[in-house]
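Dear colleague,

Please find below the structure that I am handing over to you. My notes on it follow directly after.

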Protein chains: 2
Amino acid sequence: MRVNMGNKEIQEQRIRGYFVQATKEILKAEGLHSLSVRNIANKAGYSYATIYNYFRDVKDLVFECVKDFQEEAETFVKVQTKKSEPGIPKIKSISIAYINYFIEYPGIFELFFIEKMYNIAGKQPTIDLINTFLERLCAEEWNSMVLEKQISQKASDSAKVKLQIITTGLLLMYLHRQYPADYKQFIALAAKEIDETLDNLNLSKQSKK
Amino acid sequence: MRVNMGNKEIQEQRIRGYFVQATKEILKAEGLHSLSVRNIANKAGYSYATIYNYFRDVKDLVFECVKDFQEEAETFVKVQTKKSEPGIPKIKSISIAYINYFIEYPGIFELFFIEKMYNIAGKQPTIDLINTFLERLCAEEWNSMVLEKQISQKASDSAKVKLQIITTGLLLMYLHRQYPADYKQFIALAAKEIDETLDNLNLSKQSKK
DNA sequence: TTTGAATATTTAACAGTGTTAACTATATTT
DNA sequence: AAATATAGTTAACACTGTTAAATATTCAAA
């Protein structure tokens with residue numbers, strides 16, 4: 001009895017995984033706009049209505065992808081920032097790599113920041129996951145800087161929020177309003193904004209307030 | 001003949017106006033999600049297909065509202081910032097008022113920054129209108145500050161871009177990812193970020209680089 | 001004023017969307 | 001093997017945007 005219950009759950013999770021995998025593939029390749037319950041089911045090898053045996057609705061399914069994409073993005077960022085020297089320089093390159101991940105997969109940016117969740121019930125964990133993602137990517141660096149008294153806890157908290165706001169704003173302006181006009185200009189602007197944000201931080205450490 | 005051509009154009013513009021007005025009302029009251037070609041036409045007093053005699057598609061129609069909303073937002077901002085003292089303080093309150101307009105009408109934020117335009121052909125003017133809106137709202141203040149040598153042209157250009165990025169990021173995070181959790185926290189954060197952006201500006205004027 | 005042509009508007013249809021209920025096929029238990 | 005519970009599919013509904021065909025309306029000429 002207990003064993004069967006376990007098997008049942010394993011099988012259920014497996015099938016949920018098929019749908020999640022199909023959704024992820026479409027999201028990465030085509031983007032959010034060309035995602036439908038029918039083409040997800042088709043790719044997963046089931047009929048469209050089967051999805052509703054495993055997910056409350058299609059948004060539930062879509063937001064199940066967030067965790068997977070964050071893991072992917074995390075390794076993407078880690079590879080790209082392996083050689084950066086610790087502290088502020090590393091935080092800078094993490095932020096740039098974070099941005100570049102979403103530039104590579106605009107559909108994932110839309111999932112993370114554009115797609116609205118009505119039905120907030122039960123999705124707060126996912127929202128938190130998204131809102132704290134960049135912070136978590138930089139957490140190690142911030143922590144050791146605070147520990148080594150290179151920066152105050154308060155200043156680092158403030159900087160985390162600033163980075164989140166700036167990266168989100170930059171990505172939205174570029175991906176949805178083509179500002180700046182091309183990638184070269186965009187990434188130059190992004191670097192400039194991130195640099196200035198983090199450099200002003202050191203200044204505020206030297207002065208009193 | 002010439003008179004009839006004129007009348008025809010007047011009538012055509014009138015009918016376009018009915019559709020635009022209906023779209024604006026739905027957008028302000030319900031938001032982008034509950035906007036459809038059928039309920040626009042219904043409110044305008046026409047059949048749904050009639051829209052296609054006056055607009056290429058529904059996105060064309062929707063983006064025709066941008067100019068009107070900007071005019072409305074401009075008077076909203078002017079009323080709210082009438083008493084601010086010129087210069088940086090006025091730019092701060094303009095930015096806050098700008099943000100508050102979108103908070104009051106999230107559907108208009110979505111139209112301005114979320115809704116994608118495929119069919120970029122012919123819509124570049126609208127994109128520019130959106131991207132330069134906050135800049136235009138503050139233009140007078142920036143100009144007189146540059147004129148009075150309180151700030152360099154370069155620094156003011158940089159600040160304009162920063163303000164655009166920060167306000168967009170703040171609005172997206174709050175409206176789509178409930179960060180911060182409530183309006184009180186949100187507007188406090190917005191004020192903090194705007195203040196710091198503009199205060200760092202003065203510092204960069206006193207120091208050399 | 002009545003006819004004929006041009007124009008404006010509507011209806012019908014198509015191909016999509018998400019979601020639910022009813023039906024069928026597959027496992028599981030007795 | 002038969003009865004039951006579960007999983008999956010099909011059909012249907014109410015939407016969406018858009019186009020073509022049919023209808024109504026306007027307007028110029030006879």
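I begin with a loop residue: Lys149(A) is placed in the loop between helix 9 and helix 10 of chain A, where helices (H or I, at least four residues) and strands (E, at least two) are DSSP runs numbered from the N terminus. The phi of Lys149(A) is near 55 degrees, a positive value in a residue other than glycine. Most residues other than glycine have a negative phi, and most peptide bonds are trans.

Please note that this is a predicted model, in which local features need pLDDT of at least 70 and side-chain atom pairs count only at pLDDT 80 or more, while totals for chains, interfaces and linings use all residues. Residues are numbered from 1 along each chain as its sequence is written, chains are lettered from A and ligands numbered from 1 in the order in which they are written, and side-chain values use heavy atoms, with hydrogens and water left out.

Pro180(A) lies in the loop between helix 10 and helix 11 of chain A, and the peptide bond from Tyr179(A) to Pro180(A) is cis, with omega near -5 degrees. In chain B, the bond from Tyr179(B) to Pro180(B) is likewise cis, with omega near -5 degrees.

As to the overall fold, chain A has eleven helices and zero strands. Its C-alpha atoms fill a box of roughly 65 × 45 × 35 Å, taken along the principal axes.

Helix 9 (residues 133-147) of chain A packs with helix 10 of chain A at an angle of about 155 degrees, their axes 11 Å apart. Here axes are lines fitted to C-alpha atoms, for helices over the stretch in contact, and angles run from 0 to 180 degrees between N-to-C directions. Helix 9 of chain A and helix 10 of chain A are therefore roughly antiparallel to each other (angles under 35 degrees count as roughly parallel, over 145 as roughly antiparallel, 65 to 115 as roughly perpendicular and the rest as oblique). Residues of helix 9 of chain A, including Trp142(A) and Val146(A), meet residues of helix 10 of chain A, among them Leu163(A) and Thr167(A); contact means heavy atoms within 4.5 Å.

Helix 5 (residues 65-80) and helix 6 (residues 88-104) of chain B pack at an angle of about 130 degrees, with axes 9 Å apart. These two helices of chain B are therefore oblique to each other. The contact includes Phe69(B) and Phe76(B) of helix 5 of chain B, and Tyr98(B) and Tyr101(B) of helix 6 of chain B.

Over all chains there are 32 aromatic pairs (rings of Phe, Tyr and Trp, its six-membered ring, with centres within 6.5 Å; planes under 30 degrees apart count as stacked, over 60 as edge-to-face and the rest as tilted). The rings of Tyr174(A) and Phe186(A) have centres 4.4 Å apart and planes at 15 degrees, so this pair is stacked. Tyr174(A) belongs to helix 10 (residues 153-177) of chain A and Phe186(A) to helix 11 (residues 183-206) of chain A, so the pair ties together parts twelve residues apart in sequence.

Finally, a rotation of 180 degrees with 0.0 Å of shift along its axis superposes chain A on chain B (RMSD 0.0 Å), by least squares on the C-alpha atoms of residues with pLDDT of at least 70 in both. That is the relation of a two-fold axis. Of the residues of chain A, Gly169(A) comes closest to the rotation axis, at 1.8 Å (C-alpha). The copies meet through the same surface, because 100% of the interface residues of chain A are also interface residues in chain B.

With kind regards
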